Amino acid sequence: MWALDKLKTQRRKRFGIQALWTLVTNANFTGFLDGKLYKGPLKQFCVPGLNCYSCPGALGSCPIGAMQALAGSPDYALSLLVLGFLMVVGGLGGRLVCGFLCPFGWFQDLLHRIPFPKKFSTRRLRPLTWLKYGVLVVFVFLLPNLMVNVLGMGDPTFCKYLCPQGILEGALPLAAVSENTRAALGALFQWKFALLLAVVLLSVMVSRPFCKYLCPLGAIYALFNKFSLYRLRFLPEECVHCGKCVSICPMDCDPTRDPNSPECIRCGECVAVCPTRALQKPKIGAGLPDKTAPYKGVEL
């Protein structure tokens, strides 16, 4: 009962942070009524999660979209600035962003709360998590630099062909209030809407399918999970091998084998259900008795 109460508290806390962050970063509410994008000074900065630039409410830019928009540009300083931003954020928290600060991750979490006769485990599909690294290399880095227009600017291939967030936050709200946008919708919209619909349906049955298999932003942050400032601690001498942390993990991780797996989104649910506190969040000034993580971190 104690573990269940702690799990519910952790989920409410994370849900509140996700909701607040989504609201704050999409606070241009008039944009949803008049179909006009915010183009003020804040749009020059990237938000850490996947949040479409074309969303009528968006106050900042999506880092993946920004990198692709600058592909092939002679102003390399700007593209390096975006990459540096991702490295700083990843170095601080790794995929903590995915668990707390990504609106599309929150959207999938909300869908997974919908009652369904049978929720499916994706543990056997773990090899497919490598797909997102392929998406990152091919659709974010290679194709935008190879498929350039007459001005030498790259084609934003991931945003254009694969990102369902663009349809959810951009095309659908704009089409709802703009006749010109509706008239311009074609085969590409149909393809991406079908992709969004597939993600929606899968998210009801399995936890975070887009995050696990396709998200290039998650792939970037995953590279930092092993050595980011925020990491989980595992005390093997305290573990009773009850398996609760493995069964509760929405990303199919085994915290007893790899507490800072590249797939871990730092949701904290494994820590909440651990009956012996063998899994712990890092705390300011706390020592690290286990030999696997000699560092000090920050607790949310």
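Predicted model: local features only at pLDDT ≥ 70, side-chain atom pairs only at ≥ 80, totals over all residues.
Confidence comes first. The chain has a mean pLDDT of 89, with 88% of its residues at 70 or more.

Helix 9 runs over residues 164-177. Its 14 residues should span 20 Å at 1.5 Å a residue, and the end C-alpha atoms do sit 20 Å apart, so expectation and model agree. The helix does carry a kink, though: about 30° at alanine 171, shortly before proline 173. Both Ala171 and Pro173 belong to the buried set of helix 9.

What do the buried residues of helix 9 pack against? The partners are helix 2 (31-34), helix 6 (103-112), helix 8 (157-162), helix 10 (179-184), helix 11 (187-205) and helix 12 (209-213).

Helix 11, one of those partners, has 19 residues. From first C-alpha to last it reaches 28 Å, close to the 27 Å expected at 1.5 Å a residue. Its buried residues are Phe189, Lys192, Leu195, Leu196, Val199, Ser203 and Val204. As a rule, an α-helix has 3.6 residues a turn, so residues three or four places apart point the same way. The cover over the buried residues of helix 11 includes helix 6, helix 8, helix 9 and helix 12.

Technical notes:
Residues numbered from 1 in each chain as written. Heavy atoms only, no water. pLDDT = per-residue confidence, 0-100. Helix = DSSP H or I, 4+ residues; strand = E, 2+ residues; numbered from the N terminus. Expected span 1.5 Å × (residues − 1). Bend = angle between axes of the 7 residues up to and from the residue. Buried < 20%, exposed > 50% of the residue type's maximum accessible area, 1.4 Å probe, protein only. Contact = heavy atoms within 4.5 Å.
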